[in-house]
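Here's a structure to walk through together. Have a look at it first, and then we'll take it piece by piece.

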Amino acid sequence: MSRISVIACLLVLCLAQAAWAEEIDCVTTEWKLIGANHKVCVNAFQDPDIPCVTCYISQARTGGLSGSVGLAEDPSEFSIECRQTGTCQMPSRVPRSKKVFSEGTSILFKDTQVTRIFDEKRNVLVYLAVSRKIIAGSPKNSLSTVQLK
């Protein structure tokens with residue numbers, strides 16, 4: 001497979017995975033004369049296996065001309081908070097660890113991923129958001145937990 005085909009496949013995966021978050025609202029953090037403003041956006045997504053859990057993730061978005069056309073690399077600045085938002089019917093088997101959300105934060109090679117980790121001993125779901133770069137890793141992360149009742 002050619003290098004261009006690999007890049008195209010990665011781009012399609014990044015764009016496809018970003019579709020399952022619902023944008024709640026954005027707040028401007030810096031006004032830009034040309035192009036979109038810099039902002040922080042809040043998105044909500046439900047855990048695909050445990051629909052009674054909703055996570056809210058806030059992420060910085062780069063504005064300007066490059067941000068307006070989707071070519072900017074967003075900074076690795078985000079926060080996550082997850083809550084039980086309905087009556088919980090836990091599946092009979094929950095995997096110990098599973099990626100439940102991914103959103104591209106640059107046109108290529110960078111994304112924010114949320115992994116659900118099940119702490120069976122304490123009956124807690126742990127949601128870990130991590131900024132990932134395919135070429136060079138990033139230590140940026142945020143954590144939220146949901147106590148199952």
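How many bridges join S2 to S3? Eight bridges do, and S2 and S3 run antiparallel. Before going further, a word on what you're looking at: this is a predicted model, where local features need pLDDT of at least 70, side-chain atom pairs count only at pLDDT 80 or more, and totals for chains, interfaces and linings use all residues. Residues are numbered from 1 along each chain as its sequence is written, and side-chain values use heavy atoms, with hydrogens and water left out.

Strands here are DSSP runs of E with at least two residues, numbered from the N terminus, and two of them pair if DSSP finds at least two bridges between them. Back to S2 and S3: a hairpin of six residues connects them, and across the pair cysteine 41 sits opposite glutamine 59 in S3. S2 (residues 38-46) also pairs with S1 (residues 22-30), in the antiparallel sense and over seven bridges. There, threonine 28 faces lysine 39 in S2.

Now for the nonpolar core, meaning a set of buried Ala, Val, Leu, Ile, Met, Phe, Trp, Tyr and Cys residues joined through side-chain atoms within 4.5 Å. The largest one has 20 residues, and Phe45, Val53, Ile80, Val114, Leu125 and Tyr127 touch the most other members. Strands S3, S4, S5, S6 and S7 each supply at least two residues of this core.

Finally, find aspartate 111 in strand S6. Aspartate 111 counts as buried because its relative accessibility is 10%, and buried means under 20% relative accessible area (1.4 Å probe, protein chains only). Serine 131 is 20 residues away from aspartate 111 in sequence, yet their C-alpha atoms are 5.9 Å apart in space.

Notes:
Buried means under 20% relative accessible area, exposed over 50%, partly exposed in between (1.4 Å probe, protein chains only). Helices (H or I, at least four residues) and strands (E, at least two) are DSSP runs, numbered from the N terminus.
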